[in-house]
Amino acid sequence: MLKYLNTITTRFSGFICLACLLFVSNNFFSQNQDKKWYFGSAAGLDFTNNPVTQITSSSMSGYKEGTASVADAFGNLLFYTDGVTIWNKLDQIMANGTGLFGNVLTTQSALIVKRPGAANIYFVFTLGKSGSSSSFCYSTVDMNLAAGMGSVTTKNVLINAPMCEKLTGTKHCNGIDTWVVTHDYNSSVFRSVLVTSTGVSSSATLSPIGSQWNTSFQSYGSAKISQNGKRLACGVYYSNAPVGNFEIYDFDNATGLVSNQLSLSIPLTFPAQPVSSSQTPPPPPKLVPSPLVCFPYGCEFSPDGSKFYGSGAVDSVIYQWDLCAGSNTAISNSRYHISAFKISALQLAKDGKIYVARPGKQMLGVILSPNLPGAACNYVADGQSIAPAFCSYGLPNFISETPQLPFVYSVNGSVNCNEVNFTAPSPPTTTVTGCTSTGYNITSFKWFFGDPTSAALNTSTLSNPVHIYPGQGTYTISLVYTYNNFCGGVNTDTLKQEVKIGVLPLLSSAGFNVCSGNPIVLSAPVAQTYSWSTGSVSNSITVNPSSLTSYTVVGLDTNACPYKSIQTINVYTTPTLTIKGDTTLCPGYQIKLIASGANTYSWSTNQTNATIYPVQSANTTYTLWGNTNGCVVKKTITVRIKQPDLLVSPNRTVCPGTAVTLTVGGAVDYKWTGGSRETTLAITPTITTTYTVEGMDAKTCVGMDSVVITVQTKTPTTDFSYKTPVCEKSDNLITVTPNNFNPGGVYSSVKLQIDKVSGEIDMASAQSGTYLVNYSLAASGCTIAALSAATVEILSAPVLSLTPSATISPGTVITLEASGGSTYAWSPANYLSCVDCSNPIATPPETIKYCVIAELNSCLDSACVKLIITCDTDADYSFPNAFTPNGDGNNDQFCLQGWSFCMREFNILIFDKWGELVYESSDPSFCWDGIYKGSPLGAGVFVYVVKAKQFDSIILNKKGNISLIR
């Protein structure tokens, strides 16, 4: 978007080894090509420096989602692209570098791949919008052309269409060639295209797997391949579910085949939070589903391949999965939530950290330790500033490959200030599918020390050689090594680094590019002495150059070795920004604001023209950013509304027919509703009326105001009511009146006791019937007298009578009798023959309380009866006279009710008609099912004889007949 005057870019940095100090230099080796990041709205980061520094020279302005950039072997920028335009290392559009078929709104719009075996040929792969007819293309960049600035030689060679918005790549297992992987649109096919020394292959490896991706939502979301080239991940939103998935596959970097799908489902998530910025509007949002669900977008693997991270588009959470958890279920269940805010794309950097895009923000999130599980991965929301630039959804896209390590060197200053000890790198190990570690085996070394004056001593085949340089300077070291690649073959690769003898790295937290008028602090590392070209002898100086200037510092380092360092400061002109235009206007007018003094402009209205024509409806402050050579100045202008402040008569309330005079002031000319142009207006309104007046000042600005004359309604509102019908003896009745009811009247009624002021009816003495209540309002002010009435209906309540409480013996059958209502409801239902009748039969075995609610005319009454069960009644115990053991659940057994409650001793004998004993029991709770000697008896009459003694020693003897019915 914009580049700001207070931010400058580090163009060059290096390290010098002081005596006896051994350290790893990460600045210059063959994998430096992805250490210059260009992305978002003029955002950039330089990973050749430690710590990371900002790049502020980017020419990518506005919203950029999918970008790519590439540097040379020493980390020097070559070019960058948004998939539509290519900019060279001077931030100028490359020759023939426009009109590429990518799209700034595509998730992964571009990917840059160097042609194997060619030092200066690069392929720029691009993707258009999902489903477009020019989706997957490539263009060729030749860096030998245009005096080393590069030129696009072939453009938009179509590979396949239509495609999804996923574009990633990885090294072939031979360590030389590169796979570029995409996914066809409206298809289940992954497409892997191989780039070799002969160019881009005309054929592709196709892998149909999973479901068809045929919507824009499924097309969105990035794809990534792990650094070891063994796993592929994609973010996919299935809108028909809806459910979000991150899908993990095995990738064969020997054949390009994709296999073994693992779906990692993620839950519905939280609505995206709004972006707030008082300075710069956020980038336009990418279309997401509604209602919002977790919309899978960002993908990345940890450096060792053991963890996978996924994020949503503008989501509030990052997910981590442990790919070494075991089974697919275990991996899925290992999901860990990392709380975040407004995040999208993820990208692993060469410093081993994963950076997190935060759309519309000036800070990136950073996962500091992505190899570690759960909270130990250490996510920091505001981990890396890119201010004053702004982030979009994406971060730059790079191919993944097993990282190489630089060689290590140290200067042995205590012996010889020019003697350097070299240590060969150890090959890295990475986690592959199945979570085992593997690496490659280096079989030979050959060093080239960059010192041709040393003749035969300029080379060595030792793993850890020593070389003495002729003096101070910067020397380019090459290490050619042979190793066994993952395909089983043998590769040769070259590492290049710079060794600085007697050259200290000058440091600046703000970089070495500055906009005019801004000071910069240059610092040298710890040394014994300092002598700057400015005359200073401290370790740092503050300078404010007005043009390109070099600064030199010399002295002795900590080991008394001489050093000399030179740093050039590039100075860019800071624009002087002006805005011309009216600052006071009438409301609703179109204004004209003219910017000057810069090369490009960006207004807070999202316009980029020098002149804008907004329509002014309220006081508004407009912000303008002017950009010249990457230096940005901000300026504001406030345009205020100018209109007459009219002084109009206040609102009034009058009776009908009252004469009123309205007045107005504050302007030079007026116009009332109806056309009068006087400062006074005489009216006699009969209804409530709003009178509007316009006033014009000397600048012909028009103001407007109004006054409301409310005419009191002649007929008052006196309607009222009661919530009826009601039952006798209910709570007192109160009136129900509308909001505009006119109080002050008198309530009255015949035969009802009523409060004259409130209308409340005393129900204590009210009898059933229908009554009339009157309300009388006397004339007062603008209102006339009024009379209204309301009806009150009082219903008869039931007069409930109920069987009195009783004391009965166990097993007694008793009828409960209730009267006075039309319907009844008994509770509890235990031992009752019915619960909705007036006279239920009760057979309680124990003391119980029954209550009944009687209803009449929707009015209710209730009463209760208590049945006390006791053995002190001298009552006879009842016996059933028949039973039917047919298995229907009714009277299937001959049992006694209530005997067990009172009996201390008990015996029953049952005889058939011939006098044969067929059943005997001493349990008063017995039940006989008509079985004798294991067989059912036939129907007939049987004789029972019972002898029992109560707890009070009363002896009972009973004899009778029981009929068995089949």
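A disulfide is counted here as a pair of cysteine sulfur atoms within 2.5 Å. In general terms, a disulfide is a covalent bond between the sulfur atoms of two cysteines.

The structure is a predicted model, in which local features need pLDDT of at least 70 and side-chain atom pairs count only at pLDDT 80 or more, while totals for chains, interfaces and linings use all residues. Residues are numbered from 1 along each chain as its sequence is written, and side-chain values use heavy atoms, with hydrogens and water left out.

**Overall**

The protein has 80 strands and 2 helices; both are DSSP runs numbered from the N terminus, helices being H or I with at least four residues and strands being E with at least two. Of its 966 residues, 50% count as buried. Buried stands for under 20% relative accessible area, exposed for over 50%, and partly exposed for what lies in between (1.4 Å probe, protein chains only). The accessible surface of the protein is about 41,900 Å², and carbon and sulfur atoms account for 52% of that. These areas come from the Shrake-Rupley method with a 1.4 Å probe; for residues, only the protein chains shown count as cover. Contact means heavy atoms within 4.5 Å. Among contacts between residues at least 6 apart in sequence, 55% join residues at least 24 apart.

**Disulfides**

By the sulfur distance rule, the count comes to 6 disulfides. Three of them are set out below.

| Pair | S-S distance | S-S torsion | Hand |
|---|---|---|---|
| Cys655 and Cys782 | 1.3 Å | about -75° | left-handed |
| Cys851 and Cys864 | 1.9 Å | about 105° | right-handed |
| Cys895 and Cys927 | 1.9 Å | 130° | right-handed |

Cys851 and Cys864 form a disulfide with their sulfur atoms 1.9 Å apart. Cys851 belongs to strand β70 (residues 848-856) and Cys864 to strand β71 (residues 859-869), so this pair ties together parts that are 13 residues apart in sequence. Both cysteines are partly exposed, Cys851 at 23% relative accessibility and Cys864 with a relative accessible area of 38%.

What is the handedness of the disulfide of Cys655 and Cys782? The torsion about its S-S bond is about -75°, so the disulfide is left-handed. Cys655 lies in the loop between β54 and β55, and Cys782 in the loop between β62 (769-777) and β63 (786-795), so the pair ties together parts that are 127 residues apart in sequence. Cys655 is partly exposed at 28% relative accessibility, while Cys782 is buried at 17%.

**Around Gly657**

Gly657 is placed in the loop between β54 (652-654) and β55 (660-665). Its relative accessibility is 47%, so Gly657 counts as partly exposed. Apart from neighbours within four places in sequence, Gly657 is in contact with Thr684 and Pro685. Val711 is 54 residues from Gly657 in sequence, and the two are 8.7 Å apart in space, C-alpha to C-alpha.

**A further cysteine**

Cys391 is buried, at 0% relative accessibility.
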